[in-house]
Amino acid sequence: MNMEQNSSSGGSASRSSPAVPVRNRRLPQRPFDYKFQLILIGDRGVGKTCILERFSDDTFSISSKSTVGVDFKIKTIKTKGKTIRLQIWDTAGQERFNSISAAYYRGAKGVLVVYDITNEETFENLPKWLMMIDKHAAPDIEVIVIGNKTDKEELRQVSTERGEKFAYEHNCRFCEVSAKENLNVKDVFLKLVDDIVDKVPPEISPFGFEDTKLSLPRSEQGGREASRVFCCTTG
Amino acid sequence: MDELLSDGEKNAKTVTCQRCGSVVLKPNNATLVKKEKFLPSMRKKSEGTDQAGDTLQEFWLVTDMYTFENVGFTNTVENIKFLICADCEIGPIGWHDLSDKQAFYVALERVEHK
């Protein structure tokens, strides 16, 4: 978690440290337009890590006994002509509702709340996850509710309609995915990032966005008031 | 070696994952540094042999983690986070020592240059 705090407070020390600006013509152009932090939350076993991984069995091991898990990833996506760096945090292993550090939520611009369509209980726990977001995250955070494991249709316990209805009632986006079959996973990230980018006030310089967020009034767009449910069903 | 460098010190080519081709760094974003560092071997946990690793000499140095196009960070082991491919998670392809916030190293031997 130290790194996250550093990256958000410094925005990279290179920008803030030199007292005298150092001009270096060789410095490459800043290679992205925006950077955002996203987090993945949801009950244990719903497939958060699989959503973030393409080949989940290939994590390397430091010794034959222990596998070193992934802490976070930097991923680049392009949308609407913008290049976006995402820092994505997987909270797997910290699923007890109050054990996910508030620091994860604090810096995040978007959150993916995942449940398992074959496990009713993980769906019923969604309100608790949304409460955690309301408690710890910025009020304008973008939320998408994700029903995972559409590859196990025969075991489905939560209908698509119920998922849609829940998301609609809580003013979140909604999507069903299969991480295993890599179905809709990329769409979910793109949708979420589009929503975040749409909120960036056009007059704000993209590079200054992260540093200025604390002083910006965001009243007209704050909160999850706009209902923009969409569903990319797999059928 | 020279064909990998531009301006005598930067990466002239795109740095990608050896296995899946995921783009790690775009050209001219990292600086070559020579440094001795032991990294655990790149093998899947399914492969049995207990091969410890290699001492590597040449690295691409990046000073801001957002310079990477795609990269994964492992959990911390003895104050170090290993860098892995963000897509297929092969690694470690490099490392980051938490005591130096502005240094992220990618081993030349463990990536492709295209």
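Before I start: what we have is a predicted model, where local features need pLDDT of at least 70, side-chain atom pairs count only at pLDDT 80 or more, and totals for chains, interfaces and linings use all residues. Residues are numbered from 1 along each chain as its sequence is written, and chains are lettered from A, ligands numbered from 1, in the order in which they are written.

Okay, strand S7 of chain B, residues 71-74. Which way do its residues point? B:Val71 and B:Phe73 go one way, B:Gly72 and B:Thr74 the other, and all are buried, meaning 20 or more other C-beta atoms, placed from the backbone, lie within 10 Å of a residue's own. In a regular strand, side chains alternate between the two faces of the sheet.

So who are the partners of S7(B)? From chain A there's strand S2, residues 70-79, antiparallel and joined by four bridges; strands pair if DSSP finds at least two bridges between them. In that pairing A:Phe72 sits opposite B:Phe73. S8(B), residues 80-84, also runs antiparallel to S7(B), with two bridges, and there B:Phe73 faces B:Leu83. S7(B) and S8(B) make a hairpin with five residues between them, and B:Glu78 in the turn has a positive phi of about 50 degrees.

Now the other sheet: chain B has an open, antiparallel one of three strands, ordered S4-S3-S11. Its edge strands, S4 (23-25) and S11 (111-113), each pair on one side only. S3(B), residues 15-17, is joined to S11(B) by three bridges, with B:Cys17 opposite B:Val111.

Methods: A residue is buried if 20 or more other C-beta atoms lie within 10 Å of its own, exposed if 12 or fewer, and partly exposed in between; C-beta atoms are placed from the backbone.
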